[in-house]
Amino acid sequence: MKLALTMPQFGESITEALIVRWLKKEGESVREMEPLMELETEKSVFSYESPFNGKLVKILEAENKQVKVGVDIAHFEVPDEAAKKYLSLGIGKVLGQQGSSTPTAMTNTPRDSGRIAGSINSGGSSISVSPAIRALAKEKSVSLEEVSSLLGTGPGGRLTKEDFIKYLEQRGGPTSKQVAAVSTVTSAKIINVTPIRARIAEKMILSKREIPHAGTGLDVDVTSIDEWRKKSVNKLVHLPFILLSVIKALRKYPVINSSLKGEPGKWSIEEYEHVHLGIATSTPQGLMVPVLRNAQSLSFQQIVDRGTQLIEKARTGRLDVSELTGGTFTVNNTGALGAVRSSQIIPHPQSAILAANRVTPRPWVVNNEIKIRSILSLDLSFDHRLIDGDAACGFLTEVKKELEGFDFSKIG
């Protein structure tokens, strides 16, 4: 199958990038994570790694050309099974099925199409340094400031590994043979990350870099729900009760179901009428967050049925892109993994995420008496740029109220 690669997006404010040079030629085979090209944006120069295993069949954009984000830059020939995997992850698009070079709902944002390697910051400005030089500099205790001051013999004056080794020799560092010997000695097991793991890493970095996280939590007495569950023949878990309560609370605190858009000085808040509820799910491939769309319109039984279906599809790798994108709020059922407290990273660009931890029997004061009750711990991480503590605590208190006074007549 032939897939098109579009110019990746490296930040909301970056709309184009310069192709410094291609590191592969037409007709050459390429593997995932293998350096494909060098790109330059207004912030940095870096090596971009291939998101595909396959063959580079056509280069569409030449070197030293500025290319808009989302424009097709190359075509690849990829084995069918691998292509299906990439497409399911929102990586690339099928040639001939989309006439426009603009990413559509079926193609994820271009930033997800590959990996960036070798770009580091020094003193507020970015310099281009290969991973090998970066590792060598760290090993030899050479500061990034010192590395950035060196002149290289590569294209555009870039520093090559040979340049750096020569510098180390002149500086009194190890010889090239010693460097080579040291570089081959390692006790670490090197594991190449999968595209899913790479995508998870990039999204986590993006969230922690751009969102100032704050957190709060409370405990909920779900004994009445547990008593109902014991009598029920359906053997439901706690999750659908939590999801329904969360949906109701989001309607009362819409800022929790929102996103901050724009840039410093030009911020705006998008509050959503709909609730597209993400359900963080552990799968053999890694963390996935299938989205329960328009959850505000679903009955309890529909939440059970569709939620179960989505989780099953996530665990068996059968989700399509539309089921993995567009979430407005996320619930992470960390209790299913045994956690009793959790600190969450907010899925960008959402404003919050709720961890539903394990329900445990605990001593609890009821009418001035200590009794053993079923206690659920909830932990909320929220974007402090748009959510204050009163809204965060108010939302959690509303969820607690819904759970402790759960209306079982809605189950049907």
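Author: Leucine 3 stands opposite valine 94 in strand 9, and strand 1 (residues 2–6) pairs with strand 9 in the antiparallel sense over two bridges. Two strands count as paired if DSSP finds at least two bridges between them, while the strands themselves (E, at least two residues) and the helices (H or I, at least four) are DSSP runs, numbered from the N terminus. This is a predicted model, in which local features need pLDDT of at least 70 and side-chain atom pairs count only at pLDDT 80 or more, whereas totals for chains, interfaces and linings use all residues. Residues are numbered from 1 along each chain as its sequence is written, and side-chain values use heavy atoms, with hydrogens and water left out.

Strands of a sheet pair through backbone hydrogen bonds, either parallel or antiparallel.

Both senses of pairing meet at strand 20 (352–366). Strand 19 (residues 329–332) runs parallel to strand 20 and is joined to it by three bridges, with asparagine 332 standing opposite alanine 355. On the other hand, strand 20 and strand 21 run antiparallel and are joined by 13 bridges, and proline 363 has isoleucine 372 in strand 21 as its bridge partner. Two residues lie between the strands in this hairpin, where asparagine 367 takes a positive phi near 50°.

Leucine 378 touches, among others, Thr216, Leu218, Leu354, Ala355 and Leu403, where a contact means heavy atoms within 4.5 Å and residues up to four places away in sequence are not counted. Leucine 378 is also one of the residues with the most contacts inside the largest nonpolar core, which has 79 residues, and Val246, Phe329 and Phe395 are others in that group. Such a core is a set of buried Ala, Val, Leu, Ile, Met, Phe, Trp, Tyr and Cys residues joined through side-chain atoms within 4.5 Å, and buried means under 20% relative accessible area, exposed over 50% and partly exposed in between, with a 1.4 Å probe and protein chains only. The largest share of this core, nine residues, comes from helix 8. A second, separate core of ten residues includes Ile133, Leu136, Val142 and Val147.

Helix 7 (residues 223–231) has Thr223, Ile225 and Asp226 as its buried residues. These cover an arc of only 155° around the axis, taken from the directions from the helix axis to the C-beta atoms, which puts them on the same side of helix 7. They pack against strand 13 (213–221), helix 8 (239–252), strand 20, strand 21 (369–383) and helix 10 (389–404).

Helix 9 (residues 300–315) also packs against helix 8 through its buried residues, as well as against strand 16 (277–283), strand 17 (286–288) and strand 18 (291–292). Among the buried residues of helix 9 are Phe300, Ile303, Leu310 and Lys313. After helix 9 comes glycine 317, whose phi is positive, near 70°.

For the setting of these parts, the protein has ten helices and 21 strands, and 47% of its 412 residues count as buried.
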